[in-house]
Amino acid sequence: MIFGPRKPKVKRSPEWPRLRRQWLAINPACAACGERKKVEVHHVEPVSWNPARELDSTNLISLCEQGSHNDHFLLGHLLDWHSKNDSVSVDVANLLREIRTRTYPK
């Protein structure tokens, strides 16, 4: 299956909704494309891999799940919800720089 299995189900801390809201208030745009719609909080090290890092803000990054593209799935999970991208922060910074400096033919 090209898109891998569904997102793993994980038991969330009761503190997660509050931290998620706070994170999105400070980081409302997708770190990869700058979009502000359908932005999710991505755990660099997935909660299913290491539940102890669920509330660690150094483990979070904002990524969108747009209809036209899904940076959370593509860049955060490398097209498989059960995988992780340890270099997601570098990858999204490079992509956003390319998007902001792109040129068009005249």
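Colleague: Let's start with Arg21: is Arg21 buried or exposed?
Modeller: Arg21 is exposed, as its relative accessible area is 54%. Buried means under 20% relative accessible area, exposed over 50%, and partly exposed in between, with a 1.4 Å probe and protein chains only.
Colleague: What kind of model is this, and how is the numbering done?
Modeller: This is a predicted model in which residues are numbered from 1 along each chain as its sequence is written, local features need pLDDT of at least 70, and side-chain atom pairs count only at pLDDT 80 or more. Totals for chains, interfaces and linings use all residues, while side-chain values use heavy atoms, with hydrogens and water left out.
Colleague: Thanks. Where is the place of Arg21?
Modeller: Arg21 belongs to helix α1, residues 16-26. Helices (H or I, at least four residues) and strands (E, at least two) are DSSP runs, numbered from the N terminus.
Colleague: And how many helices and strands does the protein have?
Modeller: There are 3 helices and 2 strands, and from the N terminus on they run α-β-β-α-α.
Colleague: Switching topic, where is Gln66?
Modeller: Gln66 sits in the loop between β2 (60-64) and α2 (71-77).
Colleague: Buried or exposed, that Gln66?
Modeller: Gln66 counts as buried, at 16% relative accessibility.
Colleague: Which residues is Gln66 in contact with?
Modeller: If we leave aside neighbours within four places in sequence, Gln66 is in contact with Glu35, Lys37 and Lys38. Contact here means heavy atoms within 4.5 Å.
Colleague: How many aromatic pairs does a search of the whole structure find?
Modeller: The search finds 1 aromatic pair. The ring centres of Phe73 and Trp81 are 4.7 Å apart and their planes are at 40 degrees, so the pair is tilted. Rings of Phe, Tyr and Trp (its six-membered ring) pair if their centres lie within 6.5 Å; planes under 30 degrees apart count as stacked, over 60 as edge-to-face and the rest as tilted.
Colleague: Last one: what share of the 106 residues is buried?
Modeller: Buried residues make up 35% of the 106.
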